[in-house]
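Welcome! Take a moment to look over the chain before reading on.

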Amino acid sequence: MAEKKKNLSEYDINAIPDATDMSFAIIVSEWNSEITFALRDGALETLEKHGVLPENIMVKYVPGSFELPMGAKFAAEKLGADAVICIGCVIQGETRHFEFINNAVADGITKVGLMTDVPIIYGVLTPDNMEQAKERAGGKHGNKGDEAAITAIKMIALQWDVNHWLDDDGWDYDHDEDDLPFDDDDDYDDDENNNTHSLN
Ligand code: DLZ
């Protein structure tokens, strides 16, 4: 059975790519702001810890999580950020709002990323109650904003890597094997750059 991780903020800092030249937009939902502002602060702290310059981070607000995909689309298309981090918190209630909003947000965020080619990161909590939300916004389970920031850095690095491997004519078939992150064999365990750590 897979190991159950308790703290969202646990990761190997040395395995995270250098983020000095990266730029980010953070779109924050104002609904449940006690939680979303704590997630935003976690994301900001983590980005800066990894070398991102404050002037390369733009923070914008939307009324609720339902508006996150549209905010992300504006940011991806107009702000020129390398990645967009969406921060929200939808708490389970008596109504079916919870399900409708969560499905729309997850689906919308996925679509904006695929449509714009900009990594759009899902930093949305969907807890049963406020207590669970607090535990994941700087409480005993860490801060999901940290995880969203690390995911954004890793996705930009992946995109830059893939672009680097392509020459003007498409895939560079003459690439040097040393440039590849993995050996050609199937044994990933002994690959120097194998990234086995997990964030949650
Ligand atoms: C309407 C609504 C409800 C009931 N609950 C939440 C919530 O828990 N978290 C959240 O981010 N937003 C909620 N909203 C607001 C919607 O996301 C949206 O802003 C409004 O329906 C207007 O489109």
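What share of the contacts in the chain with a separation of 6 or more comes from residues 24 or more positions apart? The answer is 78%, where a contact means heavy atoms within 4.5 Å. The model is predicted, so to speak of local features takes a pLDDT of at least 70 and side-chain atom pairs count only at pLDDT 80 or more, while totals for chains, interfaces and linings use all residues. Numbering starts from 1 along each chain as its sequence is written, and side-chain values use heavy atoms, with hydrogens and water left out.

**The chain as a whole**

You will find 5 helices and 8 strands here; these are DSSP runs numbered from the N terminus, with helices (H or I) of at least four residues and strands (E) of at least two. From the N terminus on, their order is β-α-β-α-β-α-β-α-β-β-α-β-β. Of the 200 residues, 39% are buried, meaning under 20% relative accessible area with a 1.4 Å probe and protein chains only (exposed is over 50%, partly exposed in between). The accessible surface comes to about 11,800 Å², and carbon and sulfur atoms hold 49% of that surface.

**Helix H5**

Helix H5 covers residues 144-165, which is 22 residues. From first C-alpha to last it reaches 32 Å, close to the 32 Å expected at 1.5 Å a residue. Asn143 caps its N-terminal end, with a side-chain oxygen 2.7 Å from the backbone nitrogen of Gly145. Among the buried residues of H5 are Ile150, Ile153 and Ile156.

| Element packed against H5 | Residues |
|---|---|
| Strand S1 | 24-29 |
| Helix H1 | 33-49 |
| Strand S3 | 83-89 |
| Strand S4 | 120-125 |
| Strand S6 | 142-143 |

Val162 is also found in H5. Because its relative accessibility is 35%, Val162 counts as partly exposed. Together with Met155 and Leu158, Val162 makes a nonpolar surface patch of about 230 Å². Such patches join nonpolar side chains (Val, Leu, Ile, Met, Phe, Trp, Tyr) within 5 Å, from residues with over 30% relative accessible area and no salt bridge.

**A buried loop residue**

Asn32 sits in the loop between S1 and H1. Is Asn32 buried or exposed? Asn32 counts as buried because its relative accessibility is 19%. A polar atom of the Asn32 side chain lies 2.8 Å from the backbone oxygen of Cys89. Leaving aside residues up to four places away in sequence, Asn32 touches Cys89, Val90, Ile91 and Met130.

Note on methods: The expected span of a helix is 1.5 Å times one less than its number of residues. A polar contact is a pair of N or O atoms within 3.5 Å; within protein, one must be able to donate a hydrogen and the other to accept it, and residues adjacent in sequence count only if both atoms are side-chain atoms. Accessible areas come from the Shrake-Rupley method with a 1.4 Å probe; for residues, only the protein chains shown count as cover. Patches are made of residues with over 30% relative accessible area and no salt bridge: like charges are joined within 9 Å, nonpolar side chains (Val, Leu, Ile, Met, Phe, Trp, Tyr) within 5 Å. A salt bridge is a side-chain nitrogen of Lys or Arg within 4 Å of a carboxyl oxygen of Asp or Glu.
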